Amino acid sequence: MNSNAPPTSHQSRNMGFAGLLLLGLIAVVLMGVQLGSEGLAWRSVQADWTLMTDIRLPRTLGACLAGALLGLAGALAQGLFRNPLADPYLLGSASGASLGVALGMVMLSHMGTNLWFVKVGITGMAFLGAWAAVALSLLLSWGVQHTLRLLLAGVVVGVVLGALASLLLIMYPSIQGSVQSFMLGSTAYVGWPACLLMGLVLLLSWLLAVAASPMLDGLALGESTAQSLGLPVRQLRWLLLAVLSLCTAAAVAQTGLIAFVGLAAPHLVRARMKGVHRQSLSLSCLMGGLLLGGADLLARGLMAPIELPVGVLTAICGGGYLLYLMHGVTTSSRAYKGAGS
Amino acid sequence: MSHSLPTVLSASHVSVMHGQHLAVNDVSLTLQSGEWVALTGPNGAGKSSLLKALAGLVPAQGQVCLMGKAWSAWSRQARAQTLAWLGQSEASQDELTVYDVAMLGRLPHQSWLASPSSQDHAVVEVALKTVQAWDWRARSLGQLSGGERQRVLLARALAVQAKVYLMDEPLAGVDVPHQADWLEWVKCLTEQGAAVVSVLHELNLSLKADQVWVMSDGRMVHAGSPLATDTRQAMSKVFQNRLQWHEWQDEGQTRWMALPK
């Protein structure tokens, strides 16, 4: 490297990493199109054309898009809250979405179908529930100014709305199956309209997140520093929280509660790259897409023709990763203490 | 210090509340161009709160003027170009590189979403070379020791090229050779006309400043030359008379050194 040049080596490494993730995504989509209930079927392309374009392709793309949304939301949450364990659901959106679905199912099964609910649908109820939970967290924390208060409000809202959802399940046992399937997460019913919606939300969210990313860089050096750099911290925090909530609600509404993708994707990215948030946000999108797309493939293929709930798979893999992470953190902190003594 | 130098920062009857606690109580002060002030006092005296109030980072009563203009008359960006802040234990995200961190100091000079200009790169290079961090510019913050991080954060503040620098414990965790370097950088900054206010717990370094401001219980109890007897008395008093003073000669000038007793 030229001694007077800014360091570009990590930028080209990041570009290479993005290229690898993109290749992985393409491979996942190609395999997802071929993967049926009898495993991979490379030779029967002609016969299964409709099946592939109408069911498998939107499903695989939908899994990748939902994963990308969760990856972006996770990276935003960890940057905004300056907490490596923050995930997209930390403001109560998961419990809110579950309650929304439970309410929707109750209305559908017990109050007839000629309601406004029919127009909203289950996905709409999940979306509204997730948004309402975030709004409630913001209301209870009196805005975005105090991060800790906001996190605590998110925990409270999550617990209370989760309890309400459980109460509905006990009161109306007939909805248990549908709500449980939502809570386990599934990409089985993602069609082209859902793909289009998630694609548009992802594009808009990514543009907004990248535009506001200097705030996250500034925030990484502390709230005071971000403010002193002339960044409109309060406004950008509102904007990024709105983007975070939009991404989470859009993904949850279409695929149910997918665990750990939003938490793990930014960590996996950060383990391989260094640089500013503009790059890590984009890479987290790609990583999230690859993780959920890959998990969807495994869920369909591992025990074919029986399909595993993709949320269960991401939870098991994500839990394992989190344990690995904990081990890494403990080891490095031990090493640090050893070096310091 | 000459009194003909222009005032760059002034505060009039500034008070800061932390909940029910009055952290800064009716403080008035002026800071002149080319002046280095060491702000000292016991823990909880209100030093950091005052510094934050001067930087406009916490809500405060009273008036703070930067370059003779009230805070409210400044645009966010112009203010950030004029006043640089270096806070305590700033960095939390380890994957930012040393270069990225220093480049953040150029944010106030850049349009939104614009790439850094060649001038930005040149300024960052000078700032990193000043703190001797240029050789590890591609390393991430996570790979640095506490003192090395502090130097990089200082480079970030230097890259702002501000007229006023407010630094809250800039020497925390910095080893002795780099403390000596820091004194040189501050001297260099003030010679170029910048003003520096630094909260320092290193009392003997405070005594090298042009002015020492002494705080206790939210009040500014003394502001004066480090060579003046009443400055030493004020410092002894706020530190519960637990300081032992020793005289020494520095290039023919009488200086004082404070040790705990």
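**Confidence and overall form**

The model as a whole scores ipTM 0.88 and pTM 0.86. For chain B the average pLDDT is 90, and 97% of the residues score at least 70. Where pLDDT is low, the predicted coordinates should not be read in detail.

Chain B contains eight helices and 12 strands. Its radius of gyration is 18 Å, close to the 18 Å that the globule rule gives for 261 residues, so chain B is as compact as a globular protein of that length. The C-alpha trace of chain B spans about 50 × 40 × 40 Å along its principal axes. Buried residues make up 46% of the 261 residues of chain B. Of the contacts in chain B between residues at least 6 apart in sequence, 65% join residues at least 24 apart.

**The hairpin of strands 1 and 2**

Strand 1 and strand 2 of chain B pair in the antiparallel sense, over eight bridges. Within this pairing, B:Val16 stands opposite B:Val24 of strand 2. The two strands of chain B form a hairpin with two residues between them. In the turn, B:Gly19 has a positive phi of about 65 degrees.

**Helix 4**

Helix 4 of chain B has 13 residues and reaches 18 Å from its first C-alpha to its last, close to the 18 Å expected at 1.5 Å a residue. Its buried residues are B:Asp120, B:Val123, B:Val124, B:Glu125, B:Ala127 and B:Leu128. An α-helix has 3.6 residues a turn, so residues three or four places apart point the same way. The cover over the buried residues of helix 4 of chain B includes helix 3 and helix 5 of chain B. Just after helix 4 of chain B, B:Gln132 takes a positive phi of about 55 degrees.

The residue ranges of elements discussed here are as follows.

| Element of chain B | Residues |
|---|---|
| Strand 1 | 7-18 |
| Strand 2 | 21-32 |
| Helix 3 | 98-104 |
| Helix 4 | 118-130 |
| Helix 5 | 146-158 |

**Contacts with chain A**

In the interface, 28 residues of chain B are in contact with 26 residues of chain A. On the side of chain B that touches chain A, the elements giving two or more residues are helix 2 (76-82), helix 3 and helix 4 of chain B. The residues of that side of chain B divide into 13 nonpolar, seven polar and eight charged.

Technical notes:
Residues are numbered from 1 along each chain as its sequence is written. Chains are lettered from A and ligands numbered from 1 in the order in which they are written. This is a predicted model: local features need pLDDT of at least 70, side-chain atom pairs count only at pLDDT 80 or more; totals for chains, interfaces and linings use all residues. Helices (H or I, at least four residues) and strands (E, at least two) are DSSP runs, numbered from the N terminus. The expected span of a helix is 1.5 Å times one less than its number of residues. A residue is buried if 20 or more other C-beta atoms lie within 10 Å of its own, exposed if 12 or fewer, and partly exposed in between; C-beta atoms are placed from the backbone. Two residues are in contact if their C-beta atoms, placed from the backbone, lie within 7 Å. Two strands pair if DSSP finds at least two bridges between them. Ala, Val, Leu, Ile, Met, Phe, Trp, Tyr, Cys and Pro count as nonpolar, Asp, Glu, Lys and Arg as charged, and the others, Gly among them, as polar. The radius of gyration is taken over C-alpha atoms; the globule rule is 2.2 Å times the number of residues to the power 0.38. pLDDT is the predictor's confidence in each residue, from 0 to 100.
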